[in-house]
Amino acid sequence: MSVDVARGSCLCGAVRYEARNPRTGVTACHCSQCRKQSGHFWASSTCALDDFTPINEEGLKWYRASDFASRGFCERCGSAVLWKHDDEDRMSFSAGSLDDSSRFRLTKHIFTDDKGSYYEID
């Protein structure tokens, strides 16, 4: 059985990762934290924590964003790359950080009541 591997990185490459058997559905989160971090909304996919492998962590810093989650970003280029819920054995990674996103598709929107007033969701 072949293993599906997705690879991704920050803009400068100081944060690189591999995600084995990732979900190919992408979730768009419109909460205020995600909007402030990303500049619009956070689009991400996920894989089991055991299937997530950091390849380069030189620039990786974690920000404790709430009582239940942390956000991983590159301290060199500022790219928002990762999100981790404390109580879940999964790692979320930015869809924009994927080296090849061709098999991934936006499948759902969450926290839409918190979205910015400057855009509509079809």
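Two strands count as paired if DSSP finds at least two bridges between them. Strands here (E, at least two residues) and helices (H or I, at least four) are DSSP runs, numbered from the N terminus.

The structure in these views is a predicted model, in which local features need pLDDT of at least 70 and side-chain atom pairs count only at pLDDT 80 or more, while totals for chains, interfaces and linings use all residues. Residues are numbered from 1 along each chain as its sequence is written, and side-chain values use heavy atoms, with hydrogens and water left out.

View 1. Let's start with β7 and β8, which pair in the antiparallel sense over 5 bridges. Look for Ala-69, which stands opposite His-85 in β8. The hairpin of β7 and β8 has 5 residues between the strands, and Gly-78 in this hairpin takes a positive phi near 85°. Strand β6 (residues 60-64) also runs antiparallel to β7, joined to it by 5 bridges. Here Lys-61 stands opposite Phe-73 in β7, and the hairpin of β6 and β7 has 4 residues between the strands. Of the 6 residues in β7, 5 are buried, meaning that they have under 20% relative accessible area (1.4 Å probe, protein chains only; exposed is over 50%, partly exposed in between).

View 2. In general, strands of a sheet pair through backbone hydrogen bonds, either parallel or antiparallel. In this sheet the order is β1-β2-β5, and the pairing is antiparallel. β1 (5-9) and β5 (52-56) are at the edges with a single partner strand each, so one side of each has no neighbour in the sheet. From one strand to the next, the twist averages 20° (axes are lines fitted to C-alpha atoms, and angles run from 0 to 180 degrees between N-to-C directions). The pairing of β1 with β2 spans 5 bridges, and Ser-9 stands opposite Arg-16 in β2.

**View 3. Inside the nonpolar cores.** A nonpolar core is a set of buried Ala, Val, Leu, Ile, Met, Phe, Trp, Tyr and Cys residues joined through side-chain atoms within 4.5 Å. The largest one has 18 residues, and Leu-82 and Phe-93 touch the most other members. Two or more residues each come from β2 (16-20), β8 (80-85) and β9 (90-94). A second, separate core of 7 residues includes Trp-42, Ala-69, Ala-80 and Trp-83. Back at Leu-82, its contacts (heavy atoms within 4.5 Å) include Phe-52, Trp-62 and Met-91, leaving aside residues up to four places away in sequence.

**View 4. The largest pocket.** A volume of about 560 Å³ belongs to the largest pocket. Of the 23 residues that line this pocket, the closest to its centre are Thr-27, Cys-29, Trp-83, Ser-92 and Ile-110. β4 gives the most to the lining, with 4 residues. (On a 1 Å grid over the protein atoms alone, a pocket is an open set of points where a 1.4 Å probe fits, with protein on both sides within 12 Å along at least five of seven lines; lining residues have an atom within 4 Å of a point. The volume is the space filled by probe spheres set on the points, which are joined across faces, edges and corners.)

**View 5. Two residues with positive phi.** Asn-21 is not a glycine, yet has a positive phi of about 50°. Asn-21 lies in the loop between β2 and β3 and is partly exposed, with a relative accessible area of 42%. Phe-111 has a positive phi near 55° and is exposed, with a relative accessible area of 54%. Find Phe-111 in the segment after β10.
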